[in-house]
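Please read the numbered paragraphs alongside the sequence and the coordinates.

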Amino acid sequence: MDAKEIELKTKALAKAATQNDSASTITSILKELQQGVKATEDLLRSTRVGIVVNKFKQHKAPDVARLASEIVSKWRTEVNKQKAAGSPAKERSSSSPRPGAAAAAAGSNGSASPASATPTDKASKLSVPPDKRTWKADGVDVNQTSNRIRDSCIGLMYDGLCLNSTEPPRLVLQKASAVEASAYNSLGPETKEQYRTKIRSLYQNLKNKSNPTLRIRVLNGDVTPDQFVTMSHEELRSAEQREKDARIQKENMDKAMVAQAERSISTSLQCGKCGQRKVTYTEAQTRSADEPMTLFCTCMNCGKSWKQ
């Protein structure tokens with residue numbers, strides 16, 4: 001199939017979805033695409049076929065969902081092979097996305113769609129102060145997966161990543177989508193509590209005012225989405241936080257190792273509570289120098305303490 005034929009099939013497929021056509025009709029179109037499309041990144045992007053087919057992975061008919069998944073997986077594999085081999089499909093213009101866009105072009109499960117990976121000019125520029133940024137304020141579209149819960153999680157990740165950042169909305173949305181996709185792939189589906197708990201935990205760590213470097217590390221790629229999702233609580237903390245805790249721990253240890261004042265044991269002192277004469281004591285000058293020292297006593301038998 002050439003690009004024009006693919007576009008026609010894509011429109012027919014989209015129409016079938018909106019008109020709730022039978023599963024057999026949809027399957028027929030999908031099979032034609034499966035056999036006729038020789039996937040390249042540019043072809044998938046220009047025809048938007050990857051976006052449309054990817055949506056059918058969640059179709060209520062099992063046969064349709066399975067076939068759509070097979071097609072998307074096949075296309076993604078083909079594009080990745082072309083990139084690895086250094087084929088022309090790997091070459092990009094200066095306006096093309098960064099590595100990882102091939103998966104999105106093929107409608108990768110959990111990834112942002114090509115349309116949303118190239119947002120409008122409004123979503124390419126900051127329109128609010130960095131400390132007031134949210135996905136709504138930036139005017140971006142977080143509807144990346146056609147799944148309400150997952151898209152809400154992408155919005156949450158966006159809000160965590162964009163705080164006090166001057167990175168363009170396009171980049172922030174791309175990272176937010178990638179983080180959510182990684183969480184979905186390792187902990188999903190979205191109905192699982194583990195997935196929701198992880199998203200909330202990552203959001204809270206991103207919003208932590210005492211750990212601003214975490215957002216920067218995720219946005220600039222020092223921490224990949226897969227690493228971010230699997231990091232432990234200790235790894236998520238900043239180097240400054242870990243250093244501060246280590247310092248406090250050392251101080252507490254030093255205090256615990258300070259030599260205690262030597263205590264004498266007396267058999268002449270008697271405990272007023274149990275009557276035993278096993279009493280330890282220390283002396284301290286608490287009054288004027290011409291007055292006797294004060295004894296601080298502790299019974300070794302019952303633990304009663306007193307001074308005299």
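1. In the hairpin formed by S3 and S4, 5 residues lie between the strands, and glycine 303 adopts a positive phi near 85°. Strands here are DSSP runs (E, at least two residues), and helices are DSSP runs as well (H or I, at least four residues), both numbered from the N terminus. Two strands are taken to pair if DSSP finds at least two bridges between them.

2. Basis of the note. The model is predicted: local features require pLDDT of at least 70 and side-chain atom pairs count only at pLDDT 80 or more, whereas totals for chains, interfaces and linings use all residues. Residues are numbered from 1 along each chain as its sequence is written, and side-chain values use heavy atoms, with hydrogens and water left out.

3. Overall content. The secondary structure of the protein amounts to 15 helices and 4 strands. Of the 308 residues in the protein, 39% are buried (buried means under 20% relative accessible area, exposed over 50%, and partly exposed in between, with a 1.4 Å probe and protein chains only). Among contacts between residues at least 6 apart in sequence, 56% join residues at least 24 apart; a contact means heavy atoms within 4.5 Å.

4. The sheet. The 4 strands form an open sheet in the order S1-S2-S3-S4, with antiparallel pairing. Strand S1 (264–266) and strand S4 (305–307) are the edge strands, each pairing on one side only. From one strand to the next, the twist averages 30°; axes are lines fitted to C-alpha atoms, for helices over the stretch in contact, and angles run from 0 to 180 degrees between N-to-C directions. In general, strands of a sheet pair through backbone hydrogen bonds, either parallel or antiparallel.

5. S1 and S2 pair in the antiparallel sense over 3 bridges, and isoleucine 265 stands opposite threonine 280 in S2. Threonine 280 in turn stands opposite threonine 298 in S3. Strand S2 (residues 279–284) pairs with S3 over 6 bridges, in the antiparallel sense, and threonine 282 is placed opposite phenylalanine 296 in S3. Strand S3 (residues 294–299) pairs with S4 over 3 bridges, again antiparallel. The bridge partner of phenylalanine 296 in S4 is lysine 307.

6. Cysteines. How many disulfides does the rule give? The count comes to 0 disulfides, a disulfide being a pair of cysteine sulfur atoms within 2.5 Å. Cysteine 297 is in no disulfide, and its nearest cysteine sulfur, that of cysteine 271, is 9.8 Å away. Cysteine 297 counts as buried because its relative accessible area is 1%. Cysteine 153 is likewise classed as buried, because its relative accessibility is 10%.

7. A helix pair. Helix H10 (residues 169–187) packs with helix H11 (residues 193–207) at an angle of about 150°, their axes lying 9 Å apart. The crossing of H10 and H11 is right-handed; a crossing is left-handed if the near helix is turned anticlockwise from the far one by less than a right angle, and right-handed if clockwise. On the H10 side the contact is made by Val179, Glu180, Ala183, Tyr184 and Leu187, and on the H11 side by Gln194, Tyr195, Lys198, Ile199 and Leu202. By class, the contact of H10 with H11 has 7 nonpolar, 1 polar and 2 charged residues. Ala, Val, Leu, Ile, Met, Phe, Trp, Tyr, Cys and Pro count as nonpolar, Asp, Glu, Lys and Arg as charged, and the others, Gly among them, as polar.

8. Serine 165 lies in the loop between helix H9 (148–162) and H10. With a relative accessible area of 9%, serine 165 is buried. Serine 165 and lysine 132 are 33 residues apart in sequence, and their C-alpha atoms are 9.9 Å apart in space.

9. Most residues other than glycine have a negative phi. Arginine 48 has a positive phi near 60° and is found in the loop between helix H3 (41–47) and helix H4 (49–55). Arginine 48 counts as partly exposed because its relative accessible area is 41%. Serine 146 also has a positive phi, near 60°, and lies in the loop between helix H8 (135–138) and H9. Serine 146 is partly exposed, at 46% relative accessibility.
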